[in-house]
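Trainee: Could you walk me through how to read a few features of a model, one at a time?
Mentor: Gladly, let's look at it together.

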Amino acid sequence: MILRWAWSANPVPVYLLISRCANVGYHPQIWRKTVAVALRKPKKPDYSNPRAYRLIQLEECLGKVLESVIARRLSHMIHEHNLVPATQFGGRPGSSTVDAALMFTHDIEAARNHDLVTTSLTLDIKGFFDYVNHDKLSSIMRKKRIPLPMVKWVVSFLSNREAAICLDGRISDSRPVENGIPQGSPISPALSILYASPVYEEFQSRLATRYVHQAPPATKLTPTALVGYIDDVNLYTSSTSLQQNMIALLADFIVVLRILHVLGLSVDFVKCELTHFTRKHNITFPDITLPGPDGDVIVTHHGTMKWLGITFDSKLLFNEHVKTVTNKAENIAKGLTMLGNTVHGLHQHLLRTVYGACVRSVMTYASPVWWDGKKKHANKLTRVQNTCLRHICAAFRTTPIHALEIDSAIPPIPLVLERLSNNATSRFHKLARTSPIHLRISQEWRGYDCAYPAPPLPPDKFHPRSRKRHV
């Protein structure tokens, strides 16, 4: 509030302070002192383990303004000059978890149309933000020819930092922080993807060299794709044999593990998940053995896998995902009854706002990925919305739902899902030409020749029984 008063009275001093710090490359020392609040990660079995908590650092408000300015400049450079491979979807403008999931589902469906099976291995980088080395980060930024004032600001921002840990309302003494990026800072996503960019760059170069000098095997093995969103990584490949997929994924996993080791990072083997995507019957799903720091780690196949908040099943039907979001939305909807009733509480338009922000957003998350017009999915989600409509409008159970939808100005769930899918399609026109989404769209749709190599298995052949869910 004080900063807003100062800005409304005379914005020149604040503007000069922020602009000169950004242009010179200096972050004031007083803004480098933070309070790290320990928040519980949801659904952890043992909260006596320190890894079950996430440290979110609270910073000075005016310091976060300067960080936001640098973050927007750095994100623009990453997007404009392709400083980070396009398969890293996090921390950059014009990309999201929906784009990463669309690319993943498209490649699975394209492989299925060619009678191939796909195997996916999801990884999680252990303590990604906490183990970023400051010297290596500045070296990577200089190699990418980022302007010197911005590099100097990053070095100043990360050096001589102090943090006090807040746990259960108790704040400890401030201690120096020698490593890592403050999680919760506006600049942390851009810095993190710059630090991890060598993983994607070296992986792509080694993969291209391998497939240039080696003839494709008889199993029609496709090049392994490495897709990531900040610290969530997905390795997947397709062929006619699951065993061939396992051999390729194991070799590529070792490559990724070595590159991460050079950067001082490691893989959290507890969070690794293996899933085979196929609709073939009477097939054995093999497990994979990964080389861990304390010996071999066996990762077993699961019928479902959760990646980027989306539950993928082996047949790519998304029934389990709809069931999960429906249960979550029902629990949130029950909480709406505590906010108001016919006598007291929130007004109708406030309950409608809460429903759209807390319930419907959960049900429709990443809907362009899984929504294909199934009535089974729509009926489950509609049942939750009908419960919320009766509570928002304070109506009887026998009141027609169409009347409640008109009265509350809440459209039916199928219309909302169709609108979100159309919006996602319209957004494709704004994507960069280097986006993996554009590489998977037909030339007739995008209207120009793509100068970048197309991904394997373009959707030019369709299996008679496939659902043709493509970008």
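Mentor: Let's begin with V12, which is found in helix α2; helices (H or I, at least four residues) and strands (E, at least two) are DSSP runs, numbered from the N terminus. Please keep in mind that this is a predicted model, where local features need pLDDT of at least 70, side-chain atom pairs count only at pLDDT 80 or more, and totals for chains, interfaces and linings use all residues. Residues are numbered from 1 along each chain as its sequence is written, and side-chain values use heavy atoms, with hydrogens and water left out.

Trainee: Is V12 buried, exposed or partly exposed, and why?

Mentor: Buried means under 20% relative accessible area, exposed over 50%, and partly exposed in between (1.4 Å probe, protein chains only). V12 has 45% relative accessibility, so it counts as partly exposed.

Trainee: Which residues make the nonpolar surface patch?

Mentor: Patches are made of residues with over 30% relative accessible area and no salt bridge, with like charges joined within 9 Å and nonpolar side chains (Val, Leu, Ile, Met, Phe, Trp, Tyr) within 5 Å. A salt bridge is a side-chain nitrogen of Lys or Arg within 4 Å of a carboxyl oxygen of Asp or Glu. Areas come from the Shrake-Rupley method with a 1.4 Å probe; for residues, only the protein chains shown count as cover. Here W7, V12, Y15 and L16 make a patch of about 410 Å². Its largest share, three residues, comes from helix α2 (residues 12-24).

Trainee: And what is R51 in contact with, leaving aside its neighbours within four places in sequence?

Mentor: Contact means heavy atoms within 4.5 Å. With those neighbours left aside, R51 is in contact with K41, K126, G127 and Y131. R51 lies in the loop between β1 (33-40) and β2 (53-58), and is partly exposed at a relative accessible area of 38%.

Trainee: How many disulfides does the count come to?

Mentor: A disulfide is a pair of cysteine sulfur atoms within 2.5 Å, and by this rule the count comes to zero. For C21, the closest cysteine sulfur is in C61, 16 Å away, too far for a bond. C21 is buried, with a relative accessible area of 8%.

Trainee: What about the protein chain's secondary structure?

Mentor: The protein chain comes to 16 helices and 13 strands. Of its 471 residues, 46% count as buried, and its C-alpha trace spans about 70 × 65 × 50 Å along the principal axes.
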